[in-house]
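Hi,

Here is the structure I promised to pass along.

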Amino acid sequence: MHLCAQNLMNFHLAQKYRINFTEVACGSIYYQCVYLLVDKTEGVLAAGAAARKAFGITTGPSMPHLSLLYSDIPQEERAKVGAACRLA
């Protein structure tokens, strides 16, 4: 069996965990325009490590998040969208 497929099978054996969102944030790149940050609990970090291993990703530390908006809008507009999300 291919190593990636085996790692993915192991990933499915991981324990269930809760995802807690900590805050709305705005980034400076297209794919991180406006997003919800995820609390880095033991479960979240373990799942991230398992996924990086399964896909052979060796990049630096991750930033668990849920993207709300992908866009090239200016930083001022990102801040307005972020503020609107905080009010919702």
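**What I found**

Tyr 17 is partly exposed, at 40% relative accessible area; buried here means under 20%, exposed over 50%, and partly exposed in between, with a 1.4 Å probe and protein chains only as cover. Before going further: this is a predicted model, where local features need pLDDT of at least 70, side-chain atom pairs count only at pLDDT 80 or more, and totals for chains, interfaces and linings use all residues. Residues are numbered from 1 along each chain as its sequence is written, and side-chain values use heavy atoms, with hydrogens and water left out.

**Layout**

The protein has three helices and three strands, in the order α-β-β-α-β-α from the N terminus. These are DSSP runs numbered from the N terminus: helices are H or I with at least four residues, strands are E with at least two. Of the 88 residues, 19% are buried.

**The nonpolar patch**

Back to Tyr 17, which sits in the loop between helix H1 (3–11) and strand S1 (21–26). Together with Ile 19, Phe 21, Leu 66 and Leu 68, Tyr 17 makes a nonpolar surface patch of about 460 Å². For the patch rule, residues need over 30% relative accessible area and no salt bridge; nonpolar side chains (Val, Leu, Ile, Met, Phe, Trp, Tyr) are joined within 5 Å, and like charges within 9 Å. The areas are Shrake-Rupley values with a 1.4 Å probe.

**The tyrosines**

Rings of Phe, Tyr and Trp (its six-membered ring) pair if their centres lie within 6.5 Å; planes under 30 degrees apart are stacked, over 60 edge-to-face, and the rest tilted. That rule gives three aromatic pairs. In one of them, Tyr 30 and Tyr 70 have ring centres 6.0 Å apart and planes at 40°, so the pair is tilted. Tyr 30 is in the loop between S1 and strand S2 (34–38), and Tyr 70 in the loop between strand S3 (65–69) and helix H3 (75–87), so this pair ties together parts 40 residues apart in sequence. Tyr 30 is partly exposed at 36%, and Tyr 70 is partly exposed at 47%.

Tyr 70 also pairs with Tyr 31, this time edge-to-face, at 5.2 Å centre to centre and 80° between the planes. Here too distant parts of the chain are linked, 39 residues apart. Tyr 31 is exposed, with a relative accessible area of 53%. Tyr 30, Tyr 31 and Tyr 70 form one aromatic cluster.

Glu 77 is partly exposed at 34%, while Lys 80 counts as exposed at 54%.

Arg 78 is in helix H3 as well. Arg 78 is buried yet has no salt bridge, and the nearest side chain of opposite charge, Asp 72, is 4.7 Å away. (Lys and Arg count as positive, Asp and Glu as negative; His and the chain ends are not counted.) What does the side chain of Arg 78 reach at 2.9 Å? The backbone oxygen of Gly 27. The backbone oxygen of Ser 71 lies 3.1 Å from a polar atom of the Arg 78 side chain.

Cheers

How values were computed
Salt bridge = Lys/Arg side-chain N within 4 Å of Asp/Glu carboxyl O. Lys, Arg positive; Asp, Glu negative; His and termini not counted. Polar contact = N/O pair within 3.5 Å; in protein donor to acceptor, adjacent residues only side chain to side chain.
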